[in-house]
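Take a look at the sequence and the model first, and then we'll go through some of the parts together.

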Amino acid sequence: MAWVNAIIQGVLIGGLYALFACGLSLMFGVMKVVNLAHGDLAVVAGYLAIGVIAVIHIPVLWSFLIVVPLMALLGYVMQRTILQGALDRSVLTTLMVTFGLSVVIENGLLQFFTANSRAIGTGLALVTGSFTIGSQIQIGYLPLVIFLVAVVVLLGLQYFLSASRYGRLIRAVADDKEAAQLAGADYRHVFGIAAAIAFGTVALAGIAYGMYSQLAPTTGTDTILLFAFAAVVIGGLGSLWGTLLGGVVLGVAQQIGAQISLSDELLAGFIVFLAVLVLRPQGLISRGAQS
Amino acid sequence: MSLATESTARSAGRFRVARSRRNVAWTGAVALIAVVVLALFPYIVYSGTTAILVQAFIVLTLASMWNLLAGYAGLVSVGQQAFVGLGAYFVLILAINGISPFAALPFAAIGCGVAALPLWWLVSRLRSGYFAIATWVLAATVMLIIEKFSSIGGGTGMPLPGFAGMDPALLTAYTYWAGLAVTVVALAVIYLLLRGRLGLVLTAIRDDEVAARSSGARVGLARMLVFVVAGAGCGAGGAVLAISQLQVQPGAVFSVQWTAVMAFATIIGGLGTIEGPIIGTVVYMVLQQTLASYNAWYLIILGLVAIFVALFARRGLWGLVDARINVRLFPVGYWLRVDSERPRRLALPRRG
């Protein structure tokens, strides 16, 4: 039963990994930018939430309503300024600039907020509460809610991209930005919107992670970015369903690893990632030409 | 005789292809004198100064390797700390088995070159950004695997054995010479590789990968060779690091900050020139030494400068120098000399 429990916990945390991954995937899919500062932005969102809660004494859940739009706005502004600037030069430049940002953000947080890890204390019964199935399986309300939110966000995003008018525009720009421009679309604005969505989702995921676990300045790279990337590769590029599946596979692998030996949690996840890279480089769910 | 060959033959007397616009024999002589003077440093300066210079040698070696990867082969790796760590651990393992750490250094470099082959096989199918993060994941995985072996210190690391009974002054001097030797060999290898066929292939790939492929350039092989050389070089840097620190700690040698340091030094100095990392290393060391008491501030400032340079001065500080005085200390390209007029560069300028 302990194994069944590990798998269930893995599935639940996998939803959060997928939520981290979808912004990374979206930005690569639309503007071919791999944002190496992605994880650090999640940590920034988490710290912002902690700050907002401490300063204006609002209920924890309200912090989402403030921080997520704020990060989305930051995403739009950053895309229109330095990210677009880097993109106009070369793909190499976007990597150097986002890597630079990642190091600057991480060390900046370290400098101003020390290396201590912080959690977002919710004070709600929801966080600590759980229900049990049988004698071994214990499901916390918080992981369950986070998983459901992740599924809703990913489904919503998938629906938005495939069925809505603006989603069609984003896909058109992703396919061929010059052609879209000729047809009257301002691709820079569309890129900005896509970045806003990506930053919004990563902010959501960052705050959720802060409630679920703890955030430290280095969490952004050594945990969030690497897990998000592993989820994207395991699932297959260019498919949000794949990303969800990838997150779940990664989460389950980690929990099974932790079940074997507590120190094997991370290693098990990365080994599954490498195995997929070798055996099925297109990912578990492949869209073929859309890579 | 066709018109084209006829005109080529007729004008052949007026064209000459040279390695450099100016005579670079004197730069070779200056480089030689510089190395000799640097080699004499342990006799003339305090050990505190040589310790700082050893750090500079490590940074220069790593930055030159990162420059080879990103500046010449277009491979932005964020996982080079895997090789820094492996190099340090190869020295540790050999030292535990009774081999002097200094004798272990070349084996550590070769070992890292060999280790680069399977790692290349894992990440070679990924391009640009995904390659970058995949190398990062690889580095994290390598560290987690190394930490599983308690005989080499597990998660906490261990002091480097093999120095018992050695005169501290002699140890400082040997460490310094090891660092200098690694840097000189690394720069020489990069220079000779880029001057040769590999340099030509890499230039062709940089300008147009599809055209290079269709002209018979073995793109995959060239990139693999670069990755292996960079692995060996970063491994040698890691080996010097282990010797200079007298201990190996997984969290420190596998830190992504090593990649940050090599990338920033390269970008600020000038990506895609051998001279760039040298200038970048000087800038890095000056900033690091002046801001040493302010914790992470030097990395924040370096990062901001690197972002600015990547966006607005793409050829870095060396690019600014080169644009003014037009000189190459390490000429790896070709110049077309037309006797009647001013010499013009044959190689196309870097793409904008």
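Predicted model: local features only at pLDDT ≥ 70, side-chain atom pairs only at ≥ 80, totals over all residues.

**Where the chains meet**

How many residues of chain A are in contact with chain B? There are 36 of them, and they touch 33 residues of chain B. On the chain A side, α3 (62–89), α4 (91–113), α10 (219–235) and α12 (265–279) each bring at least two residues to the side that touches chain B. Of the contributors, α4(A) gives the most, with 15 residues. What kind of residues make up this side of chain A? By class they split into 27 nonpolar, 7 polar and 2 charged.

**Chain B as a whole**

Chain B has 352 residues, and 44% of them count as buried. If you take the contacts in chain B between residues at least 6 apart in sequence, 77% of them join residues at least 24 apart.

Now for some packing, with one pair from each chain. Here are the two side by side:

| Helix pair | Axis distance | Crossing angle |
|---|---|---|
| α3(A) and α9(A) | within 7 Å | roughly 140° |
| α2(B) and α7(B) | 8 Å | about 160° |

Take the chain A pair, in which α9 covers residues 187–212 and the axes cross at roughly 140°. That angle makes α3(A) oblique to α9(A). The crossing of these two is right-handed, and their contact has 19 nonpolar, 6 polar and 2 charged residues.

In chain B, α2 (residues 25–44) packs on α7 (residues 168–195) at about 160°. The cut-off for roughly antiparallel is over 145 degrees, so α2(B) and α7(B) are roughly antiparallel to each other. Here too you'll find a right-handed crossing, as α2(B) passes α7(B). Which residues meet? From α2(B) come B:V35, B:L38, B:A39, B:F41 and B:P42, and from α7(B) come B:T172, B:A173, B:Y176, B:W177, B:L180 and B:V184. Sorted by class, this contact has 10 nonpolar residues, 1 polar and no charged ones.

**Further along α7(B)**

B:L192 also lies in helix α7 of chain B. Is B:L192 buried or exposed? With 12 other C-beta atoms within 10 Å, B:L192 is exposed.

Next comes α8 of chain B, residues 197–207, where B:V201, B:L202, B:T203 and B:I205 are the buried residues. Their cover includes α3, α9 (209–214) and α10 (219–245) of chain B.

Finally, there's α13 of chain B, made of 16 residues (275–290). Why does its length make sense? At 1.5 Å a residue, α13(B) should span 22 Å, and its end C-alpha atoms are 23 Å apart, which agrees. Buried in α13(B) are B:E275, B:G276, B:P277, B:I278, B:I279, B:G280, B:T281 and B:Y284. What covers them? The list includes α3 (47–72), α12 (257–269), α14 (297–312) and α15 (316–325) of chain B.

Methods:
Residues numbered from 1 in each chain as written. Chains lettered and ligands numbered in written order. Contact = placed C-beta atoms within 7 Å. Helix = DSSP H or I, 4+ residues; strand = E, 2+ residues; numbered from the N terminus. Nonpolar A, V, L, I, M, F, W, Y, C, P; charged D, E, K, R; others polar. Expected span 1.5 Å × (residues − 1). Buried ≥ 20, exposed ≤ 12 C-beta atoms within 10 Å, placed from the backbone. Axes fitted to C-alpha atoms, helices over the stretch in contact; angles between N-to-C directions. Parallel < 35°, antiparallel > 145°, perpendicular 65-115°, else oblique. Left-handed = near helix turned anticlockwise from the far one by under 90°.
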